[in-house]
Each structure stands twice: as structure tokens, then as C-alpha cells.
Amino acid sequence: MSQRLSILVFALVMAALPLIPEMPPFWIVLLDNIGLSALVAMGLVLLTGVGGLTSFGQAAFCGFGAYTTAVLTTQYGLSPWLSLPASLVVSGVAAVILGVVTVRLSGHYLPLGTLAWGIGLYYLFSKLEFLGRNDGITQIPPLQIGHFKMLDAGTIYYAIWFAVIVSAILTLNLLDSRTGRGIRALRRGHVAAEAFGVKTARAKLLVFVYAAVLAGLSGWLYAHFQRAATPTPFGAQADIEYLFVAVVGGAGYVWGGVLGAAIVVILKEVLQGYLPLIFGGQGQLEIIVFGIMLVALVQFAPSGVWPWLTGLLPLKSRLRRPDTSIALSAPVRAAPPPGPLLRIDNARKQFGGVTAVNNVSFEVGAREILALIGPNGAGKSTTFNLITGVLKATSGTVSFAGQPIIDAPPQAITQLGISRTFQHVKLVPDMTVLENVAIGAHLRGRSGAIASMLRLDRADEARLLAEATRQIERVGLGDQIDQLAGSLSLGQQRIVEIARALCVNPMLLLLDEPAAGLRHMEKQRLATLLRQLRDGGMSVLLVEHDMGFVMDLADRIVVLDFGTRIAEGTPEAIKTNPDVIKAYLGAVA
Ligand code: ADP
Ligand code: MG
């Protein structure tokens with residue numbers, strides 16, 4: 001069943017549920033609560049499950065949504081429909097302000113930061129006079145269409161679930177797009193994504209604001225459902241519950257948020273019914289059970305119930321192979337002036353007392369394969385990082401196509417036509433080969449988040465995916481295109497990185513140990529590919545330890561030892577150079 005059809009069936013089932021005769025009204029209230037919780041959880045799925053940013057502050061954004069509409073409708077007489085955009089904007093703006101400060105935090109500091117302002121805002125809601133302090137704001141008008149007022153749980157049900165289903169569709173669309181690939185690379189693979197032009201800081205802020213707006217929407221609905229806004233539902237307990245919902249359902253899955261909400265809301269209801277019978281009249285004991293369950297879940301089923309459930313079904317979505325006849329126009333670049341394409345002049349890099357690169361100079365010509373060799377720790381990868389802008393040189397210059405690039409950020413260097421692979425493979429393991437490679441074409445696409453959500457990006461996206469497919473086929477991985485990158489052998493993952501680098505349509509390709517982990521036949525195929533690329537006009541700079549591979553392939557070789565260039569020449573000259581034999585080749589032999 002296609003995704004679209006599944007959503008349609010789900011929507012029809014949800015629409016029919018309240019029509020079941022004799023449906024206890026209380027169940028409808030539960031379904032309403034599930035929908036409200038699902039909206040917040042969906043934001044957390046994107047933020048925490050996909051983006052890797054744990055937030056304990058989502059309830060505060062519900063609060064912004066609820067209080068905004070409460071104030072505007074009761075004190076200024078605004079219609080709830082007009083206060084909806086206001087609620088979303090206030091939540092979003094609050095998220096931008098808090099996000100700019102918070103998403104820079106890393107590791108444990110980020111959840112702690114969100115927890116801190118979550119608690120702070122809760123107290124603010126309960127102390128502000130114009131928000132009614134602890135009593136909150138009551139007599140909020142109901143949602144109304146014409147003369148029809150959504151006064152009871154059974155009518156607002158439709159507003160809530162309409163919001164859930166539309167939000168799920170928009171979120172799924174967003175994840176399946178150019179912007180979405182950038183978001184999905186945030187958690188595992190942001191270094192590579194950044195190198196190919198994904199603005200990771202902006203992507204983090206985007207998911208942060210997106211999650212907050214969904215929470216604001218939930219808060220707006222909640223205020224018109226309860227017809228009141230009080231501080232309690234927007235406190236730390238709710239924060240923990242939302243996170244619990246996302247983790248239970250499956251924090252990496254949009255529908256996991258909905259499923260998690262159903263599980264937790266129902267469980268909470270059951271626990272609230274039985275726990276006081278067991279432990280005496282004390283309330284709110286369920287949060288303790290939730291806490292214990294959360295710990296157990298993280299231990300035993302860290303990806304949640306949704307992937308486990310879908311794994312049971314015999315569904316297997318097959319990739320529709322992108323149409324490779326769609327062209328992606330080549331990036332516009334000035335023709336390089338005659339002379340060497342890349343010139344490294346007295347480049348130096350110090351890490352404290354260690355001189356990793358010691359005044360190294362060399363050039364890479366047009367249509368040339370240059371190999372950089374030397375023992376481990378000689379400074380080869382550091383040299384790559386100086387060229388690609390990942391590290392700033394201590395001194396010296398690097399120029400490309402006649403232009404100095406020493407202070408340019410990685411993205412600008414990529415845009416000029418230098419792309420690379422990494423010694424330690426940097427792919428997003430839970431994305432397919434196709435999606436990983438498409439990140440290489442990121443800078444050649446245009447569509448942003450809004451266009452992606454509304455599916456206005458399809459033509460742009462088809463061009464990017466066609467280009468990615470062409471490069472995958474070019475490197476010989478056509479059969480693996482729909483497999484998860486993490487499931488491939490390490491050697492194949494290196495080849496995927498080459499395909500990704502080729503999506504930049506580079507003039508210079510930097511390969512850091514591309515043949516490591518490849519079998520003999522694969523190495524030969526790689527050598528053939530690199531020769532073809534050179535003959536097609538590309539320059540290649542490669543670091544490699546397999547001397548048979550290097551001597552056979554390279555036009556010229558530069559040898560580094562302890563950060564210093566000790567030799568340069570043709571493979572024949574290098575093979576017999578006594579300094580090189582002493583420092584490196586002797587050891588290799
Ligand atoms: P190669 O790629 O030739 O094996 P590298 O360029 O990775 O060598 O490393 C060169 C030297 O610089 C090594 O001594 C290494 O320990 C040091 N080095 C590399 N990166 C860093 C870093 N980020 N911080 C400190 N030292 C580093
Ligand atoms: Mg290295």
C-alpha cells in the first residue's frame with residue numbers, strides 16, 4: 001500500500017470513529033488528547049529523533065500557543081481563527097529567540113538548557129498578572145464555523161485530527177526533500193553535510209522552530225478544547241511526558257509520534273485509575289511508572305514501537321528509480337586560467353606543539369592524478385583539510401584556479417569545484433545510498449523548507465535525484481541504490497562517498513584512502529574510473545597506502561614525512577628515491 005493510500009485510509013477511519021453508535025463520549029475525549037499530544041510529539045520526532053536535538057521544553061511552546069489565543073480572544077475579542085496565525089507566530093518567534101541561544105549547546109548542555117527555560121517559562125505563565133497567574137484565563141470562546149460551534153469533545157475532535165493529519169503530511173514531505181536530507185544528516189553526518197553545502201546551524205534552528213510551531217498549534221487547539229488556559233499543563237511534567245511519547249512511539253518516525261501518543265494517553269488513563277487503588281489516594285503516581293518505563297525502553301527497544309510494528313507487516317516499499325534522463329544544469333564556474341589548478345604554497349599547520357604540516361608546497365595540474373603518500377601521521381589528511389577549508393592554516397597559502405581559498409569556508413570551496421571523500425567514512429548510515437549521494441548535489445538545488453512541505457519542489461528534486469542516480473551508476477553501485485548506506489561494506493561506502501563527491505561536478509576531486517577495504521577487482525574498477533575522470537578533464541588528488549595502486553595510477557607523486565615534503569616526481573623516480581625508500585617504501589615493502 002502506498003504511503004498516500006495509507007494516510008487516506010487512516011484519515012477515513014479517524015473520521016468515522018465518532019460516528020460509531022454508542023461510542024462512549026469519554027473515549028472521544030481520550031482521542032482528542034491523543035491528537036493534541038501527537039502534534040507535540042511529531043515536532044519532537046523531527047527535533048530529537050531525526051535531528052538529534054533533545055528538548056525538554058516543548059510544553060512551554062504549547063503554552064505560548066494557548067495563552068496567545070486566550071489573551072487575544074478574551075481580552076481583544078479576536079475570532080479564534082484569526083488568533084491561530086498569531087499563536088503559531090508567537091510560538092515560532094519564541095523558538096527563534098530561545099533556539100538561537102540553545103541549539104548551539106551540545107551534548108548534555110542542550111537538554112539541560114531546554115529544561116531550564118521550560119521551567120522558567122512555566123513559572124512566568126503562573127506569575128504574570130495579565131495571564132491570570134495560577135488561575136489562568138477562562139471563558140475562551142469555542143472554535144466556530146458559521147453558526148456551528150465546536151463546543152464538545154466530539155466536534156473539536158475533527159479540528160484536532162485534521163491538524164494531526166495535515167501536520168503529518170507536511171512533516172513527511174519535509175523529510176523527503178533536499179532540506180529534509182540536510183535535517184536527517186544532523187544527527188550522524190553533519191561534518192560531511194556541511195562540506196557539501198548544508199547549512200547545519202540553520203537546519204537545526206529550522207527543526208527547532210518547526211517543532212515549536214507544532215506545539216503552538218497543539219496549545220491553540222487545547223485552549224479552545226478546554227476553553228481555558230492554566231499553567232499546569234505547560235510545566236516540566238508535561239515536558240517529560242512528551243519526550244516519553246516520542247520515544248515510546250519511535251523517535252525517528254512521524255507516525256511513531258502518533259502511535260506513542262495513543263499508547264501513553266491510554267496508559268496514563270489506566271494507571272490513573274488503578275494506581276491510587278493500589279497505593280492509596282495519592283495522585284500523579286503515573287509519572288513514576290513512566291520514568292521507570294522510559295529507562296527500560298531506552299535499554300531494550302531504543303527505536304520505539306512503530307518500527308517494530310511496521311517490521312511485522314509484510315510491507316516493503318520499493319524505490320521508484322529516478323528518471324536519469326532529466327538533466328541537472330552544470331554549476332556556472334569561470335574557466336580556470338592556464339597553469340596549475342591547485343597551488344599550495346608554504347602551507348603550515350600546527351596543533352599546539354605538533355607541526356602536522358611543515359611549510360609544504362606542491363601543485364596539481366589540470367587533468368592530472370597526483371598522489372600524496374607517506375607514513376601514518378605524515379600530515380596527508382591535515383593537508384586535505386587545509387585545502388577544503390575544514391582547518392585553517394597556521395600560515396601559507398592555497399589557491400585554486402588562480403584564486404586564493406585559504407580563508408574560505410568549506411561550502412564556498414565546494415562551490416568553486418573542489419569536492420572530497422573522507423578517510424573515516426562520513427555517510428548517514430540510516431539513509432539510502434541514493435539519499436546520501438544526493439547530499440552531494442545539495443548546492444545545485446534551490447528548494448527550501450516551505451516549498452518541500454507543499455511538494456512544490458518536485459521538479460527540482462527530480463533533477464537532483466537523477467544526478468545522484470547517474471553518479472551512483474557511474475561508480476558501479478546501481479544495484480545498491482536503495483540500500484541503507486550503513487548496510488554496505490566499508491569498501492562500498494568509500495565508493496558511495498566518491499559518487500557523492502562527483503555530484504558537485506568538481507574540477508578537483510580529493511580522495512583520502514579510497515582503496516582501503518576494497519577487494520582486488522574493486523580496486524581495478526576504481527582505477528579505471530579515476531582514469532576516465534581524468535581523461536574527461538578532472539584533476540584528482542589522492543592519498544593512498546596501496547603502493548601498487550598508486551604507482552599504477554598516479555601521474556605524479558608527492559611524498560610527505562613528519563609534515564615535510566621529502567620528494568616529488570613520477571612513480572618511477574619515487575620508487576627508486578633513496579630518501580623515500582628509507583622513510584616510507586622500505587617500511588611498506
Ligand atoms: P596522515 O593523514 O598522514 O596519517 P594526519 O594529517 O592525520 O596524518 O596527522 C598528522 C599529525 O597531526 C599527526 O601527528 C596527528 O596526530 C596530528 N593531528 C591531526 N589532526 C589533529 C588534531 N585535530 N589535533 C591535534 N593533532 C592532530
Ligand atoms: Mg590520514
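Reader: What am I looking at overall?
Author: This is a predicted model. The protein chain has 23 helices and twelve strands, and its C-alpha atoms fill a box of roughly 90 × 50 × 50 Å along the principal axes.

Reader: How much of the chain counts as buried?
Author: Of its 589 residues, 52% do. The accessible surface comes to about 26400 Å², and carbon and sulfur atoms make up 62% of that.

Reader: And what share of the contacts is between residues 24 or more positions apart?
Author: Such pairs account for 75% of the contacts with a separation of 6 or more.

Reader: OK, ligands. Which residues are around ligand 1?
Author: F351, A356, P375, N376, G377, A378, G379, K380, S381 and T382. By class that shell has four nonpolar, five polar and one charged residues.

Reader: Which helix gives the largest share of the shell?
Author: Helix α14, residues 380–387, with three residues.

Reader: Which backbone atoms contact the oxygens of ligand 1?
Author: A polar backbone atom of K380 is 2.8 Å from a ligand 1 oxygen. For S381 the corresponding distance is 2.9 Å, and a backbone N or O of G379 lies 3.0 Å from an oxygen of the ligand.

Reader: How much of ligand 1 does the protein cover?
Author: 59% of the 560 Å² of accessible area that ligand 1 has on its own.

Reader: Switching to the magnesium ion: what are its protein donors?
Author: S381 through OG and Q423 through OE1, lying 2.1 Å from the ion. S381 sits in helix α14 and Q423 in the loop between β8 (418–420) and α16 (433–439), so the pair ties together parts 42 residues apart in sequence.

Reader: Last one, D460. Where is that, and is it buried or exposed?
Author: D460 lies in helix α18, residues 458–474. It is buried, because its relative accessible area is 10% and the cut-off for buried is under 20%.

Conventions: Residues are numbered from 1 along each chain as its sequence is written. Chains are lettered from A and ligands numbered from 1 in the order in which they are written. This is a predicted model: local features need pLDDT of at least 70, side-chain atom pairs count only at pLDDT 80 or more; totals for chains, interfaces and linings use all residues. Side-chain values use heavy atoms; hydrogens and water are left out. A residue is near a molecule or strand if one of its heavy atoms lies within 4 Å of it. A polar contact is a pair of N or O atoms within 3.5 Å; within protein, one must be able to donate a hydrogen and the other to accept it, and residues adjacent in sequence count only if both atoms are side-chain atoms. Accessible areas come from the Shrake-Rupley method with a 1.4 Å probe; for residues, only the protein chains shown count as cover. Helices (H or I, at least four residues) and strands (E, at least two) are DSSP runs, numbered from the N terminus. Ala, Val, Leu, Ile, Met, Phe, Trp, Tyr, Cys and Pro count as nonpolar, Asp, Glu, Lys and Arg as charged, and the others, Gly among them, as polar. Donors are N, O and S atoms within 2.8 Å of the metal (3.2 Å for Na, K and Ca); water is not among the atoms, so sites may look incomplete. Buried means under 20% relative accessible area, exposed over 50%, partly exposed in between (1.4 Å probe, protein chains only). Contact means heavy atoms within 4.5 Å.
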